[in-house]
Amino acid sequence: MSQQVYAVEAVDLYKSYGDTWALNGLTMRIGPGEIYGLLGPNGAGKTTTLKILAGLLKPSRGYARIYGVEVSSRRVEALRLVGYVPENPVVFQNLTVEEFLRFVAALRGLDWREVSGDAEYYLEVFGLAGRKDSFMGELSRGMVQKVLVSAAFLVRPKVLLMDEPTAGMDPESQHVFKEEVRRLSSKGVTSLISSHQLDSVERLCTRVGIIYKGRLIAEGTVEELKSRVSEKPGSTLEEAFLKIVKSGESGG
Ligand SMILES: Nc1ncnc2c1ncn2[C@@H]1O[C@H](COP(=O)(O)OP(=O)(O)OP(=O)(O)O)[C@@H](O)[C@H]1O
């Protein structure tokens, strides 16, 4: 019997920071080409989960795999498949936008000649074509975000791990972002997106997981989550999210 290959697997993850348990047995499996929205209140454990998947943190227990490659023990191999947009980026203030993209490509062993066309394309669609010689330190928050997303797309990932990727982006850029994620999904690229922007998640994600106190308390398509909490047509993901988190709070 052939075993199913998951693009992203987090199994029974626990993570403590001193006395704080950020993850308490989180299990999540995502298939190739899915666009998976990870939702949860502040402090629920979304960033911790993404950092473990991106190889920046080791879990206290459990494991994370990218296409079957365990991140902790085969980090370099796993991360070759990943494009990562961090929540609080440490960007190189003294590099220009183009230098930064060249640097990211070089880190991944990609020849600039191979990817410069893609870089130009992303800067163009995000309205940054005229800013390629600007220093990263001179960009607005939303512009930095667009460069980071471009860098993650540029490295030809099979899996995109994105922590609040559209924070600070204007509506037009958010639209471009969604179109691009959909286009990449149609080519088999998987996206895991942590977000508080429930309306965007509702329109973009093929599946959604809700994390609360370090555990996944609900998972399904947007329609499944909505119908779990309301039979009323026209209800929103926001309503479903609030009810599901509330039932998590009361232990339901
Ligand atoms: N470096 C750290 N040291 C100590 N505690 C931490 C650290 N990073 C995260 N935590 C704690 O771990 C828990 C989960 O945090 P995490 O950042 O993963 O949540 P989140 O769901 O991403 O939150 P947000 O929506 O606010 O970004 C929180 O209680 C947080 O205070």
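**Figure 1. Burial and overall build of the chain.** A residue counts as buried here if 20 or more other C-beta atoms lie within 10 Å of its own. By that count, 41% of the 252 residues of the chain are buried in this predicted model. The secondary structure comes to nine helices and ten strands. With a radius of gyration of 18 Å, close to the 18 Å that the globule rule gives for 252 residues, the chain is therefore as compact as a globular protein of that length. Its C-alpha trace spans about 55 × 45 × 45 Å along the principal axes.

**Figure 2. The shell around the ligand.** Here you can find Tyr-17, Thr-20, Ala-22, Gly-40, Asn-42, Gly-43, Ala-44, Gly-45, Lys-46, Thr-47 and Thr-48 surrounding the ligand. Two or more of these residues come from each of strand E2 (20-30) and helix H1 (46-53). H1 gives the most, with three residues. Sorted by class, the shell holds three nonpolar, seven polar and one charged residues.

**Figure 3. Helix H4 against helix H5.** Two packed helices are described by the angle between their axes and the distance between the axes. For H4 (residues 112-125) and H5 (residues 141-154), the angle is about 145 degrees and the axes are 10 Å apart. Their crossing is right-handed.

**Figure 4. Residues at the contact of H4 with H5.** On the H4 side, look for Val-115, Asp-118, Ala-119, Tyr-122 and Leu-123; H5 brings Ser-150, Phe-153 and Leu-154. This contact has six nonpolar, one polar and one charged residues.

Terms used:
Residues are numbered from 1 along each chain as its sequence is written. This is a predicted model: local features need pLDDT of at least 70, side-chain atom pairs count only at pLDDT 80 or more; totals for chains, interfaces and linings use all residues. A residue is near a molecule or strand if its C-beta atom, placed from the backbone, lies within 6 Å of it. Helices (H or I, at least four residues) and strands (E, at least two) are DSSP runs, numbered from the N terminus. Ala, Val, Leu, Ile, Met, Phe, Trp, Tyr, Cys and Pro count as nonpolar, Asp, Glu, Lys and Arg as charged, and the others, Gly among them, as polar. Axes are lines fitted to C-alpha atoms, for helices over the stretch in contact, and angles run from 0 to 180 degrees between N-to-C directions. A crossing is left-handed if the near helix is turned anticlockwise from the far one by less than a right angle, and right-handed if clockwise. Two residues are in contact if their C-beta atoms, placed from the backbone, lie within 7 Å. The radius of gyration is taken over C-alpha atoms; the globule rule is 2.2 Å times the number of residues to the power 0.38. A residue is buried if 20 or more other C-beta atoms lie within 10 Å of its own, exposed if 12 or fewer, and partly exposed in between; C-beta atoms are placed from the backbone.
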